[in-house]
Amino acid sequence: MQQRLTIRIQPQDNVAVAVRDLPAGTVIENGVAARDPIPQAHKIALEDIPQGAPILRYGVILGHAKKDIPAGSWVNEHMLDLPESPALDDLPWGTNLVPLENLPDPPETTWMGYRNVSGPAGTRNLLGIVSTVQCVAGVLKVAVERIRRDLLPKYPHVDGVVAVTHPYGCGVAINAPMASIPIRAVRNLIRHPNFGGEIMVVGLGCEKLTYDRVLPPEDITPENVLTLQDCPGHDAMMDAILSMAEQKLQLLERRRREELPLSELLIGMQCGGSDAFSGISANPAAGYAADMLVKGGGTVLFSEVTEVRDGVSLLAARCVSPAVRDRLAEEMGWYDQYLAASGVGRDANPTPGNKQGGLANIVEKAMGSIAKSGTSPIVEVLSPAEMPTKRGLIYAATPASDIVCGPCQTASGIGLQVFLTGRGTPYGLEICPVVKVCSRNELKSHWFDLIDISAGDIVTGEKTIAEVGMELFHFILDVASGRKQPFSDQYGFHNDMCIFNPAPIT
Ligand code: CA
């Protein structure tokens with residue numbers, strides 16, 4: 001089979017993406033010869049594009065040519081102007097609501113999870129020890145090592161113990177309006193579905209983030225909260241933590257996985273280190289899996305405000321009500337202001353790695369990013385770290401930063417995250433498993449034991465989006481059910497809980 005050289009997404013596109021490095025002179029599918037060497041994943045002009053004319057990919061204007069671009073040229077980030085950011089007022093809503101029956105059927109409709117009294121089920125059975133302030137992080141690190149060594153072996157039905165330490169809690173403007181975001185994140189992390197409703201919160205004693213800000217009065221008990229300044233010295237401190245941990249482990253030990261409907265599963269999607277293939281292979285395959293989960297009654301979050309901002313009209317068209325559309329516009333508008341306050345524009349994204357991977361600007365990145373949400377209607381929009389109240393596809397507004405989006409979605413209660421990457425990252429989360437999917441086979445060969453699934457066969461034409469989507473769907477259910485471990489968990493590659501704090505530090 002003659003391997004294809006370029007991919008054009010929509011017939012009206014005047015650029016295509018190189019499937020592999022194309023030497024100058026290579027004649028591509030439409031008969032045009034490359035004038036320059038075209039790096040893999042970068043764009044080649046399919047026709048002469050005059051100065052000021054739109055550059056089209058995904059049928060969408062990525063920007064306008066800064067100068068004449070002859071057919072066969074390499075079209076990179078220096079050759080186009082960024083179009084104006086789309087307005088947020090009066091976005092048409094609900095003009096593209098795909099009926100549920102048109103979504104692909106899930107091949108499996110149940111999974112094995114840990115049922116909770118309310119909310120989504122757990123994918124793991126973990127003891128979560130949440131700090132109210134960074135000052136206690138060192139103590140918790142040592143205590144968790146001791147819990148793992150001395151206590152966990154006695155509780156074979158508990159999967160692990162996690163110290164949820166984070167930079168928040170003191171030296172912060174706790175009453176600033178935006179402090180509601182990090183406070184909500186800590187509050188919701190305490191309630192994470194993988195912690196089975198067992199509360200263990202460790203504070204110092206003089207911090208600003210007091211227990212009453214993260215727990216209701218009935219939960220602030222000697223069984224649930226521990227203040228290190230009350231402990232007389234090192235040994236007493238360790239004894240107190242280990243003894244509270246043991247009480248909780250005894251309760252967690254009783255939990256068992258049971259067969260549950262997909263409606264009990266909540267997962268998140270995010271991408272990082274994207275390239276121009278992300279929107280062709282990995283993200284649409286993830287979108288296909290998302291569609292099957294939603295059809296089966298499950299809930300899927302997608303996020304990353306700066307990456308979808310330029311495609312906001314496409315998302316509004318999928319909102320189920322004007323109220324959901326308004327929430328979407330509100331979150332986007334808030335983020336516009338957050339960036340503007342520091343004189344930063346949306347061109348702060350993409351990263352140099354994205355550009356090296358062929359993404360010319362944020363418009364191109366947005367189209368690829370949105371592909372991971374599939375096609376189903378958006379039933380709810382969440383502020384950062386909020387928990388969902390609906391089932392189905394949900395837009396959870398978070399920063400696009402991988403290490404901040406992860407904790408935000410975790411606070412929203414995801415039991416698993418699907419992470420799409422083009423460039424590669426060893427990223428992982430300790431509270432919930434992260435499944436990594438790459439956009440091209442070269443990365444899978446290079447990082448064969450770090451990337452779980454490659455969507456690269458879609459690029460080469462050897463597999464369809466549906467085939468890789470199906471493979472990913474089965475893998476998601478296997479990991480959620482504890483039958484498989486993604487590579488990041490096998491190695492213990494877990495990133496810090498960098499919770500989002502847009503409020504001032506004092
Ligand atoms: Ca990201």
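Trainee: Which domains does the domain assignment of the protein give?

Mentor: This is a predicted model, in which local features need pLDDT of at least 70, side-chain atom pairs count only at pLDDT 80 or more, and totals for chains, interfaces and linings use all residues. Residues are numbered from 1 along each chain as its sequence is written. Domain bounds come from an automatic or database domain assignment. Here the assignment gives domain 1 (1-81), domain 2 (126-252) and domain 3 (259-491). Taken over C-alpha atoms, the centres of domain 1 and domain 2 are separated by 53 Å.

Trainee: How many residues of helix α10 are buried?

Mentor: Start with the terms. Helices (H or I, at least four residues) and strands (E, at least two) are DSSP runs, numbered from the N terminus. A residue is buried if 20 or more other C-beta atoms lie within 10 Å of its own, exposed if 12 or fewer, and partly exposed in between, with C-beta atoms placed from the backbone. In helix α10 (residues 362-370), 9 of the 9 residues are buried, so the helix is largely enclosed by the rest of the structure. Among them are Glu364 and Lys365, as well as Ile362 and Met367.

Trainee: Which way do the residues of strand β18 point?

Mentor: Leu416, Val418 and Leu420 point one way from β18, while Gln417, Phe419 and Thr421 point the other way. Both sets are buried, and strand β18 (residues 416-421) is mostly covered, with 6 of its 6 residues buried.

Trainee: Which strand does β18 pair with in the parallel sense over 5 bridges?

Mentor: Two strands pair if DSSP finds at least two bridges between them. Strand β14 (residues 266-271) pairs with β18 in the parallel sense over 5 bridges, and isoleucine 267 stands opposite leucine 416 of β18. Strand β19 (residues 434-438) also runs parallel to β18, joined to it by 5 bridges. There, cysteine 438 in β19 is the bridge partner of threonine 421.

Trainee: Where is glutamate 304, and what is its phi?

Mentor: Glutamate 304 is in the loop between β15 (299-302) and α6 (305-308). Its phi is near 70°, a positive value in a residue other than glycine. Glutamate 304 counts as buried because it has 29 C-beta neighbours inside 10 Å.

Trainee: Is alanine 385 buried or exposed?

Mentor: Alanine 385 is buried, with 27 other C-beta atoms within 10 Å. Its place is the loop between β16 (378-382) and β17 (393-396). The phi of alanine 385 is near 70°, again a positive value in a residue other than glycine.
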